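User: Hi! Could you walk me through this structure, starting with the charged pairs?
Analyst: Happy to, let's bring it up.

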Amino acid sequence: MSSIYKLYIPTLFLLGLIGAELLGADWLIPHFELEQQEMVELSYHRGLWIFIWLLGSYSCQQLLNVFFWQKWISKSMGGEVPTLLINLSNVCIFAISVAGILGHVFEMSLTGFWTTSSVFGLIIGFALRNMILDLFTGLAVNIDRPYQIGDWIEVQQRTADMNVLGKVVEINWRSTRILTEENRLVVIPNSLLTTFVVVNLSSSGLETRFETSFTLDFSVPPGRAKRIIEAAARSLIYEEGFCRDKEPHVLLRETDTIGVHYLLRFWITPWQGVTPGQATSKVITRVVDHLTQAGVTLAYPKQDHYFAEMPIRHYDTRNHADSKIILSRLSLFSSMNDRELSQVSDKMRRRFFYKGDTLIKAGEEAESMFVIVEGLLEVRAKLSAAKSDVRINELLPGHFFGEMSMLTDEPRSATIVATTDTICYEIGKEDIREVFENRPEIIAMISETIAKRKVLNDAIKKEWSDREKREETDSISKSLVTRIFSSFKFKTSHQQDQTP
Ligand code: CMP
């Protein structure tokens with residue numbers, strides 16, 4: 001019925017008027033004195049045409065509205081056409097009718113009109129650029145429909161606590177209005193919406209997953225923590241708004257100085273009896289209840305302080321007690337007990353050598369060995385009598401040297417030179433005699449090192465293969481043990497028992 005008044009009657013009236021005007025019906029024109037008649041007629045025709053243009057614009061708007069927007073577009077879009085679009089088309093039609101009035105009725109140049117309106121439009125456009133941006137974003141929202149009226153959306157901003165979650169109650173040409181859970185109306189300009197991420201929670205059904213996290217102490221085993229939290233969340237699934245067919249589950253998200261962070265994921269149908277805020281509150285309450293029952297508390301920032309004697313971070317090679325500790329750290333002496341270590345450390349001498357000093361000269365007779373504490377040494381030997389010394393190896397902290405002569409009574413087999421300033425402990429043959437007598441395994445260890453060194457030196461001289469080197473090492477090592485025992489004049493039975 002309303003379309004009769006809005007559409008058909010004005011249209012019929014319009015057609016009638018146009019017909020009457022075109023057919024030259026001038027029975028409506030009031031008659032005056034001759035000199036006024038022409039002006040009256042002109043005003044009458046102008047007025048009539050203005051009326052026709054305006055009525056025409058109105059009829060066009062109604063026609064477009066009823067047949068184009070409501071019937072065709074609305075059907076193809078499968079929903080109501082946004083008022084914003086209809087209003088826009090109405091404004092365009094009205095602008096055309098104004099142009100028609102100016103051009104047709106007042107015979108003005110339309111080029112001027114369009115030029116003036118373009119310049120005017122430019123100025124207005126510049127001044128109202130934000131509004132125009134809002135308008136077009138609003139249009140895009142209306143056409144693209146990322147969300148509709150009634151949808152629950154979350155507008156995500158730079159930080160999570162600034163996110164806006166609510167129900168879309170209006171989308172107009174300028175803004176989108178969201179009614180939040182707290183019953184606040186948030187008006188977001190459409191142009192701003194294009195710069196934010198908008199999450200539509202209603203797009204694929206209302207069932208939505210939410211999450212909340214709990215931090216428990218490291219001492220709580222993860223399996224137990226997960227069991228308690230999961231059970232608590234599961235106990236809520238029959239409550240209104242919670243999804244029964246979607247199980248909540250717990251993930252171990254990260255660990256930090258406070259404890260282990262557990263992420264609980266649960267499903268609800270928001271705004272169907274429970275809002276996300278209410279659901280999260282229920283979940284947290286339930287989890288805290290379950291944790292309390294189980295005797296587990298949430299973790300809080302803390303620092304553990306242990307009081308213990310400060311370990312020595314710097315040993316002094318001159319200090320007697322420290323030098324004993326340094327000695328005990330060397331692999332050669334690591335198996336010795338405190339008494340044995342004292343026996344050696346009490347008698348050993350600390351020696352300092354400058355870079356370039358010769359510590360041992362090949363061919364000399366000697367009865368002491370050295371252990372390196374700091375520095376770097378170079379082992380040099382002659383490959384043949386005619387040639388001069390060449391570098392055959394290097395000795396690092398923790399290594400020992402000079403053992404060959406001390407244990408086998410042979411002259412020094414190589415020359416040792418300090419590559420850097422070096423600190424060593426020198427141990428005399430007699431100073432270590434008792435320890436060696438009780439510790440044949442140390443003699444075996446030294447014998448193996450001597451054998452390796454001898455073989456290395458011979459291999460360099462004779463260019464032996466790896467197999468030859470191995471065989472030679474074994475045989476030298478065995479014969480050495482015998483020699484060392486006889487050099488120290490240890491008992492033969494002991495020697496036989498302990499030989500490896
Ligand atoms: P001694 O023979 O008493 O004096 C020289 C020392 O040089 C010797 O004991 C070994 O300790 C050491 N020496 C000899 N050859 C080597 C080698 N190839 N690698 C490391 N040290 C060696």
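**Salt bridges and spaces**

Analyst: Lys 452 and Glu 448 form a salt bridge, with their closest N and O atoms 3.5 Å apart. A salt bridge here is a side-chain nitrogen of Lys or Arg within 4 Å of a carboxyl oxygen of Asp or Glu. Bear in mind that this is a predicted model, where local features need pLDDT of at least 70, side-chain atom pairs count only at pLDDT 80 or more, and totals for chains, interfaces and linings use all residues. Residues are numbered from 1 along each chain as its sequence is written, and side-chain values use heavy atoms, with hydrogens and water left out.

User: Why are Lys 452 and Glu 448 separated by about one helical turn?
Analyst: Because they are 4 residues apart in helix 13 (residues 440-462). Helices are DSSP runs of H or I with at least four residues, strands are E runs of at least two, and both are numbered from the N terminus.

User: How many salt bridges does the count come to?
Analyst: The count is 22. Another of them pairs Lys 246 with Glu 207, the closest N and O atoms being 2.9 Å apart. That pair links distant parts of the chain, 39 residues apart: Lys 246 is in the loop between helix 7 (222-234) and strand 7 (249-255), and Glu 207 is in the loop between strand 5 (197-200) and strand 6 (208-216).

User: What is the relative accessible area of Lys 246?
Analyst: Lys 246 has 26% and is partly exposed. Glu 207, at 33%, is partly exposed too. The cut-offs are under 20% relative accessible area for buried and over 50% for exposed, with partly exposed in between (1.4 Å probe, protein chains only).

User: Which residue does Glu 239 meet in a salt bridge?
Analyst: Its partner is Lys 282, at 3.2 Å from N to O. Glu 239 lies in the loop between helix 7 and strand 7 and Lys 282 in helix 8 (residues 276-294), so the pair ties together parts 43 residues apart in sequence.

User: New topic: how many cavities of 30 Å³ or more does the search find?
Analyst: It finds 1. The largest cavity has a volume of about 40 Å³. Lys 246 turns up again in its lining, alongside residues including Phe 242, Phe 266 and Trp 267. By class that lining has 8 nonpolar, no polar and 1 charged residues.

User: How are cavities and pockets told apart?
Analyst: On a 1 Å grid over the protein atoms alone, a cavity is a set of points where a 1.4 Å probe fits but cannot get out, while a pocket is an open set with protein on both sides within 12 Å along at least five of seven lines; lining residues have an atom within 4 Å of a point.

User: And what volume does the largest pocket have?
Analyst: About 400 Å³. It is lined by 12 residues, and the closest to its centre are Leu 88, Val 91, Gly 121, Ile 124 and Leu 135. Helix 4 (110-127) is one of the helices that supply at least two lining residues, and the largest share, 6 residues, comes from helix 4.

User: Last one: is Tyr 147 buried or exposed?
Analyst: Tyr 147 is buried, with a relative accessible area of 3%. Its place is the loop between helix 5 and strand 1 (152-156). Tyr 147 is 21 residues from Val 168 in sequence and 7.9 Å from it in space, C-alpha to C-alpha.

Definitions and conventions:
Grid points are joined across faces, edges and corners, and a volume is the space filled by probe spheres set on the points. Ala, Val, Leu, Ile, Met, Phe, Trp, Tyr, Cys and Pro count as nonpolar, Asp, Glu, Lys and Arg as charged, and the others, Gly among them, as polar.
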